[in-house]
Amino acid sequence: MVMIIGVIVLIAVNIILLSVSNRYYQSYGPGRIAISLIAPFQEAVSRSIRFVKDIWVHYFFLVETAKENDIYKKALSHAVEKDNLHKELKLSNNRLRSLLNFQKTITDEVISAEVIGKDSSPWFNTIMIDKGKHDGVKKGAAVVIPEGIVGQVAEVSTNYSKILLIIDHNSAVDALVQRTRARGIIKGASSDRCLFKYVLRKKGVAVGDTVVSSGLDGVFLKGLPVGRVSGVIRPNSGIFQEVSVTPYVDFEKLEEVLVVLNPKKDKFQSEQ
Amino acid sequence: MTYCFHVGICICLVLFQTTVMPYFNIFDGFYDLLSPFVIYLSLSHSLRQSIPVILFFGFVMDSLSGGPFGLYLTTYVWLFVGVRWIVTFLHVGDSFLLPFVVAAGVLLQNCIFIGTIAMFKPGTQFLSAAISTVTVQVLWAIFTGPIFLMFFNYSHNRLNRWRKKVFVKES
C-alpha cells in the first residue's frame with residue numbers, strides 16, 4: 001500500500017516538474033553544454049557520411065545519373081520556355097514597381113548552415129545545424145531554404161544551434177492563402193503535414209492553393225512559401241474550417257539551410 | 001572502466017540515431033536506441049553503475065530533442081525502475097522474454113511521450129499517426145531489441161576479459 005502511494009506521489013511530482021520545465025525552462029547553461037559536447041561528434045559523423053555518399057553518387061551510381069540526365073534535358077527545354085515568359089513578367093514587374101514608387105525589397109543577411117543531426121524521436125521534429133552564436137545566429141531567427149520555410153532557431157550554443165521545424169507540434173507560423181488572402185496559423189501535425197488553423201469558414205480555400213507566410217508573426221518575412229493545401233474540411237457548424245497543408249520543404253532530405261540573421265522586425269524597430 | 005564503456009556506448013548510440021539513421025528510410029519508424037541500453041543497465045548492472053549514466057544521457061537527449069526538458073530523463077528513469085521491479089518476480093534474463101521486455105519498454109516510452117504531448121498541447125490531433133508509429137516501433141523492438149541487449153552484454157564481457165588479461169600480465 002505504501003509502495004503504491006509512493007509511486008503515485010512520484011508520478012505526480014514528475015508531472016509537475018515536467019509541466020514547470022515545459023512552461024518556464026530557458027536553456028542558458030547545461031543544455032548548451034550538452035549540445036556543445038555532442039554536436040562536434042555529430043558534425044564529424046555527418047561530414048563522413050556525406051563524403052561517402054558523394055563518392056557513391058558521383059562515381060558508382062552513374063546509371064541512375066544518365067536516366068536523370070534525360071529527365072533533366074526534357075525539364076530544361078520546358079524551363080527555357082518558362083524562362084522566356086518569366087523575363088517578360090520580370091520586365092513588366094520592374095516597370096510597375098518603378099511606376100508605383102515601391103521601396104526596394106530589403107535583402108536580409110543570411111548565413112548557410114549544414115544539418116548535422118536530427119531529432120531521434122518521431123514525436124518531436126528538430127534538427128541541429130553547424131552554426132551558432134559565433135556566426136551571429138540568434139534564438140528565434142527564421143530558417144529557410146529556397147523551397148520554403150524550414151523553422152526557427154530554438155536554442156543557440158557557441159557553434160551549433162537547434163532548429164524547431166514547422167512540422168513540430170510546438171511550432172506556429174502566421175500564414176495566408178496566396179490566392180484568397182485567407183489568414184490562419186500553420187501548426188505542426190506530423191512528419192509530413194501541417195494544420196492550417198483558425199481559417200474562417202467563409203474564406204475560400206481549395207486543395208492545391210499555395211500558403212505563404214504573412215509576416216505578422218515577426219519571425220518570417222512576408223510571402224515566403226510554406227506549403228500546398230492538401231485537404232479542406234468545412235464542418236456544418238463552427239466558425240473555422242479544417243485545412244491541412246503539405247510543406248514544400250522535404251524535411252527528410254534537408255541537408256543545408258539558410259538562417260536569417262537580421263530579420264526585418266529588427267530593422268523596423270530601429271527605424272522607428 | 002565500466003562507466004567509460006557505458007558512456008562510449010551511449011555516445012555511439014546517440015550519434016547513430018541522430019546522424020546515421022536519418023539517411024536511411026528504413027529506420028524512419030525506429031525506436032530510441034537508448035531504451036534497450038537502459039533496459040540492459042537495469043538487468044545487468046548495479047544502481048551505482050547505472051543511475052549516473054541514465055541521468056547524464058537523459059539530460060543529453062533532452063538537450064538535443066525538441067520535447068519539454070526532462071522528458072527523456074523521466075522516460076529513462078521510469079523505464080529503469082519498471083524493469084528493476086519486473087525482475088523481482090519475472091525471470092527476464094530468459095532470452096524468450098527479452099523481445100517482450102524491450103517492446104514493453106518502447107511502449108512505455110511512447111506512452112509517456114504521447115501523454116506529455118496530450119497534456120501540454122491539448123487538441124493535438126495525432127491518433128492515427130500515433131497508432132502506426134507506436135506499432136512500427138514495437139515491432140522493430142520485438143525483432144531487434146534482443147540483438148542490442150546481447151550485443152551490449154557481449155561487448156561488456158569482452159571488455160572484462162580484456163581488462164583481466166591486461167591486469168594479469170601487469171601483475
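This is a predicted model: local features need pLDDT of at least 70, side-chain atom pairs count only at pLDDT 80 or more; totals for chains, interfaces and linings use all residues.

Biologist: Is B:Cys10 buried or exposed?

Modeller: B:Cys10 is buried, because its relative accessible area is 2% and the cut-off for buried is under 20%. B:Cys111 has 48% relative accessibility, so that cysteine counts as partly exposed.

Biologist: New topic. Which residues touch the most other members of the largest nonpolar core?

Modeller: Those are B:Leu34, B:Phe37 and B:Phe152, in a core of 55 residues. Chain A takes part through helix H2 (30–60), and chain B through helices H1 (2–20), H2 (34–44), H3 (47–64), H4 (71–86), H5 (98–120) and H6 (127–170), each of these helices giving at least two residues. H5(B) provides the largest share, with nine residues.

Biologist: And what does B:Phe152 touch?

Modeller: Leaving out residues up to four places away in sequence, B:Phe152 touches B:Phe5, B:Ile9, B:Leu13, B:Pro36, B:Phe37 and B:Tyr40. There is also a second, separate core of 42 residues, and its members include A:Ile149, A:Ile167, A:Val205 and A:Leu254.

Biologist: Lots of rings in that list! How many aromatic pairs are there over all chains?

Modeller: The count is 18. One of them is formed by B:Tyr40 and B:Phe152, a tilted pair with 5.6 Å from centre to centre and 50° between the planes. This pair links distant parts of the chain, since B:Tyr40 sits in helix H2 of chain B and B:Phe152 in helix H6 of chain B, 112 residues apart. Both B:Tyr40 and B:Phe152 are buried.

Biologist: What about B:Tyr72 and B:Tyr76, why is that pair tilted?

Modeller: Their ring planes meet at 55°, with the centres 5.9 Å apart, so the pair is tilted. B:Tyr72 and B:Tyr76 are four residues apart in helix H4 of chain B, about one helical turn. In general, an α-helix has 3.6 residues a turn, so residues three or four places apart point the same way. B:Tyr72 and B:Tyr76 are both buried.

Biologist: Which residues do ring pairs link into a cluster?

Modeller: B:Phe16, B:Phe24, B:Phe27, B:Phe30, B:Tyr31 and B:Trp140.

Biologist: Back to helices. What length should H3(B) span?

Modeller: With 18 residues at 1.5 Å a residue, H3(B) should span 26 Å, and this agrees with the 25 Å between its end C-alpha atoms. Its buried residues include B:Val53, B:Ile54 and B:Phe57.

Biologist: And B:Lys164, where is its place?

Modeller: B:Lys164 lies in helix H6 of chain B, and it is exposed because its relative accessible area is 60%, above the 50% cut-off. From B:Lys164 to B:Leu71 is 93 residues in sequence and 39 Å in space, C-alpha to C-alpha.

Biologist: Last one: how many helices and strands are in chain A?

Modeller: Chain A has four helices and twelve strands. Of its 272 residues, 37% are buried. Chain A exposes about 16,300 Å², with 61% of that supplied by carbon and sulfur atoms.

Notes
Residues are numbered from 1 along each chain as its sequence is written. Chains are lettered from A and ligands numbered from 1 in the order in which they are written. Side-chain values use heavy atoms; hydrogens and water are left out. A nonpolar core is a set of buried Ala, Val, Leu, Ile, Met, Phe, Trp, Tyr and Cys residues joined through side-chain atoms within 4.5 Å. Buried means under 20% relative accessible area, exposed over 50%, partly exposed in between (1.4 Å probe, protein chains only). Contact means heavy atoms within 4.5 Å. Rings of Phe, Tyr and Trp (its six-membered ring) pair if their centres lie within 6.5 Å; planes under 30 degrees apart count as stacked, over 60 as edge-to-face and the rest as tilted. Accessible areas come from the Shrake-Rupley method with a 1.4 Å probe; for residues, only the protein chains shown count as cover. The expected span of a helix is 1.5 Å times one less than its number of residues.
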